[in-house]
Amino acid sequence: MLRLTDRWIWDSWYAVHEGRHHVFYLQAERSLVDPERRHRHPSVGHAVSDDLRHWEVLPDALAPSTADAFDDWTTWTGSVVRDDAGTWWMFYTGSRHADDGLVQRIGAARSTDLLTWDKVSSDALVSGDARWYEQYGTAAWGDEAWRDPFVFRHADPSDGSVDGSADGRWHMLITARATHGPDAGRGVVGHAVSDDLLSWDVLPPITQPHTGFGQLEVNQVEVIDGIPTLLFCCDTPQLDADGLARHGRGGVFSVTGRSLLGPFDIAAARRFDHDDLYAARLVKHAGRWHLIGFRNIGPDGFIGELSDPIPVTVDPGHGGLVALEERDGDESG
């Protein structure tokens with residue numbers, strides 16, 4: 001568990017280097033008093049661990065830029081990858097004062113050691129394309145969703161790409177919304193591709209809207225026990241009527257597919273049975289996959305700390321992630 005006495009922690013993303021786990025996370029001062037204010041006052045913290053349970057806090061990784069940059073108001077959730085030359089890239093979400101923080105865009109920073117990060121540009125690298133993605137002001141949704149970039153190289157057919165979709169390119173999955181249908185159900189996983197991590201082509205989403213979710217936040221794809229699996233989250237207020245009827249409440253969701261790019265039937269997504277966990281990530285340690293997310297709402301309100309790792313596997317009977325203890329219990333019964 002990672003808890004800071006003076007700051008709240010929420011969304012997190014991970015990298016492994018020389019056998020150590022690095023976590024980057026959104027943080028804000030508890031002196032703000034109202035935890036809802038944290039969204040407009042974040043920075044990106046950094047810590048390391050050998051076991052995903054005991055963390056050493058390091059100097060902060062990233063903060064908003066100065067005026068007239070795409071991220072001059074906030075730096076939000078992202079992911080980290082390493083290129084062929086050994087340079088680390090952190091892709092992250094930014095918002096700016098000029099848009100009243102209501103239009104989300106994606107940029108990047110680079111590092112040689114995971115400690116010191118230099119932003120690539122004051123301009124965004126990837127923005128939503130109106131051909132496929134909802135733009136601010138075209139619907140009743142409160143902002144333009146284009147955030148939480150998850151970047152991976154789709155290079156090896158052994159990663160579960162049974163449909164031959166592995167192409168050696170860098171792929172980015174994005175929290176986004178479609179351009180059509182009832183506002184409450186437009187959530188999709190956006191998609192962009194690149195050959196060099198710098199120039200990106202925006203493509204249509206890899207999922208369909210109207211499957212119960214107003215947004216699919218903090219998404220990630222991994223091959224779990226040989227099965228390509230999509231992870232995402234959606235809070236209760238962002239579920240549409242069908243989503244509420246199906247799941248009862250928001251939380252962390254997962255669904256399996258034929259490859260890392262799907263197809264994924266989001267209507268068949270399974271809610272992970274952990275009521276206070278949100279924005280969870282899949283992290284591999286000692287040969288086993290774990291979920292780590294932030295602890296969201298408890299009896300006294302917002303908690304704001306990272307959970308201990310939860311070992312998980314895919315339950316083929318349900319098409320999603322379950323805790324290993326739950327799977328073992330089902331089998332033993």
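**Figure 1. The open sheet β5-β6-β7-β8.** In this predicted model, four strands form an open sheet in the order β5-β6-β7-β8, and their pairing is antiparallel. Strands β5 and β8 lie at the edges of the sheet, each pairing on one side only. Strand β7 (residues 105-111) runs antiparallel to β8 and is joined to β8 by two bridges. Across this pairing, Ala109 stands opposite Lys119 of β8.

**Figure 2. The open sheet β13-β14-β15-β16.** A further open sheet has four strands in the order β13-β14-β15-β16, again with antiparallel pairing. Because β13 (217-224) and β16 (270-271) each have a single partner strand, they stand at the edges, and one side of each is left without a neighbour in the sheet. Strand β14 (residues 227-234) is the antiparallel partner of β13, and six bridges join the two. Gln220 has Leu231 in β14 as its bridge partner.

**Figure 3. Strand β9 and its pairing with β10.** Seven of the eight residues of β9 are buried, and the strand is therefore largely enclosed by the rest of the structure. Strand β10 (residues 169-177) pairs with β9 in the antiparallel sense over six bridges. In this pairing, Arg147 stands opposite Thr175 of β10.

**Figure 4. The surroundings of Glu134.** Glu134 is located in the loop between β8 (118-119) and β9 (147-154). With a relative accessibility of 5%, Glu134 counts as buried, because the cut-off for a buried residue is under 20%. The side chains of Glu134 and Arg186 are joined by a polar contact of 3.0 Å. When neighbours within four places in sequence are left aside, Glu134 is in contact with Ala139, Trp141, Asp143, Glu144, Arg177, Ala178, Thr179 and Arg186. Two of these partners, Arg177 and Trp141, also interact with one another: the charged end of Arg177 sits over the ring of Trp141, 3.8 Å from the ring centre.

Figure 5. Apart from neighbours within four places in sequence, the contacts of Ala178 are Trp132, Glu134, Arg186, Val188 and Pro209. The C-alpha atoms of Ala178 and Val189 are 9.1 Å apart in space, while the two residues are 11 residues apart in sequence.

**Figure 6. The aromatic pair Phe70 and Tyr92.** The whole structure contains 13 aromatic pairs. One of them is formed by Phe70 and Tyr92, a tilted pair with a centre-to-centre distance of 5.7 Å and 35 degrees between the planes. Phe70 lies in the loop between β4 (55-62) and β5 (74-82), and Tyr92 in strand β6 (residues 88-95), so the pair ties together parts of the chain that are 22 residues apart in sequence. Phe70 and Tyr92 are both buried.

Figure 7. Tyr278 counts as buried at 8% relative accessibility, as does Phe294 at 3%. Ring pairs link Tyr278 and Phe294 with Trp8 and Phe302 into a cluster.

**Figure 8. A charge over the ring of Trp73.** The charged end of Arg40 sits over the ring of Trp73. Its distance from the ring centre is 4.7 Å.

**Figure 9. The largest nonpolar core and Phe24.** The largest nonpolar core comprises 38 residues, and the residues with the most contacts inside this core are Leu2, Val23, Phe24, Val80, Met90 and Trp117. Strand β1 (residues 7-17) gives the most to the core, contributing six residues. Not counting residues up to four places away in sequence, Phe24 touches Asp11, Ser12, Trp13, Val44, Gly45, His46, Ala61, Val80, Met90, Leu114 and Trp117.

Notes. Residues numbered from 1 in each chain as written. Predicted model: local features only at pLDDT ≥ 70, side-chain atom pairs only at ≥ 80, totals over all residues. Heavy atoms only, no water. Buried < 20%, exposed > 50% of the residue type's maximum accessible area, 1.4 Å probe, protein only. Polar contact = N/O pair within 3.5 Å; in protein donor to acceptor, adjacent residues only side chain to side chain. Contact = heavy atoms within 4.5 Å. Phe/Tyr/Trp six-rings, centres within 6.5 Å; stacked < 30°, edge-to-face > 60°. Lys NZ or Arg CZ within 6 Å of the ring centre and 35° of its normal. Pairing = 2+ DSSP bridges. Core = buried A, V, L, I, M, F, W, Y, C linked by side-chain atoms within 4.5 Å.
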